[in-house]
Amino acid sequence: VGGARAGAAPAGGLRLLRLHLRGLLPFPDPVELNVDGIDGDIVLVEGENGAGKSTLLNAFPGALFGRTPLGDRFADLAARDDAMVEATVDVGGEAWRLHHNIARGKIFVVDPAGEYIDREGREGRFRAWAREHLVDEDVLLNSTFAPQGNTGIIAQRRGGRKETVLRAIGAEHLETLAALARENRASAKSD
């Protein structure tokens with residue numbers, strides 16, 4: 001999974017531990033990937049055409065954000081009515097489970113103690129939790145995943161690339177400060 005690494009996630013980081021999926025093309029039966037049990041870096045996922053490499057790589061961001069790196073709706077990968085993906089992720093040293101019930105459009109978050117954040121699986125509640133706990137969606141999709149045909153950050157419009165890079169380095173507030181400085185300069189010139 002593009003640079004997934006064994007060992008503890010850095011403070012505030014995000015690391016995939018396990019991925020469980022069911023009912024996705026081409027995986028109608030349950031499949032589990034235990035990344036935590038793999039030593040070293042994962043740099044390659046290899047297999048025949050149609051074996052499910054792209055689906056497997058799309059399952060992680062799909063479980064996190066409900067869309068794939070190519071911007072496709074995650075629901076388009078569903079092959080059965082009970083299609084689901086569950087990702088167990090290390091967020092700042094704690095294991096959280098993110099269960100995406102694709103057919104019902106629900107996303108459940110289970111905290112390290114096994115408690116549900118929202119038993120209704122409401123997307124808005126999930127998004128609020130994700131903003132607080134996960135890395136930025138565009139940053140993850142543009143920096144970690146490079147599926148077939150995806151040019152990632154390079155394909156973004158000029159302003160979009162800048163915004164993604166600023167979020168990646170945690171400096172988006174600098175753009176606000178620059179805008180204020182430009183306003184102050186313009187105001188000073190007109191005085």
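Which side chain meets Asp 82 in a salt bridge of 2.7 Å, N to O? It is the side chain of Arg 80.

## Basis of the model

This is a predicted model, where local features need pLDDT of at least 70, side-chain atom pairs count only at pLDDT 80 or more, and totals for chains, interfaces and linings use all residues. Residues are numbered from 1 along each chain as its sequence is written, and side-chain values use heavy atoms, with hydrogens and water left out.

A salt bridge here is a side-chain nitrogen of Lys or Arg within 4 Å of a carboxyl oxygen of Asp or Glu. By this rule the count is seven.

Asp 82 also forms a salt bridge with Arg 22, at 3.3 Å from N to O. This pair links distant parts of the chain, 60 residues apart. Asp 82 sits in the loop between α1 (53–65) and β3 (84–91). Arg 22 lies in strand β1 (residues 14–22). Helices (H or I, at least four residues) and strands (E, at least two) are DSSP runs, numbered from the N terminus.

Asp 82 is partly exposed, at 32%. Arg 80 is partly exposed at 30%, and Arg 22 is partly exposed at 24%.

## Other salt bridges

Asp 118 pairs with Arg 122 in a salt bridge, with the closest N and O atoms 2.9 Å apart. Asp 118 is buried, at 8%. Arg 122 is partly exposed, at 47%.

A network of salt bridges links Arg 15, Asp 36 and Asp 90.

Terms used:
Buried means under 20% relative accessible area, exposed over 50%, partly exposed in between (1.4 Å probe, protein chains only).
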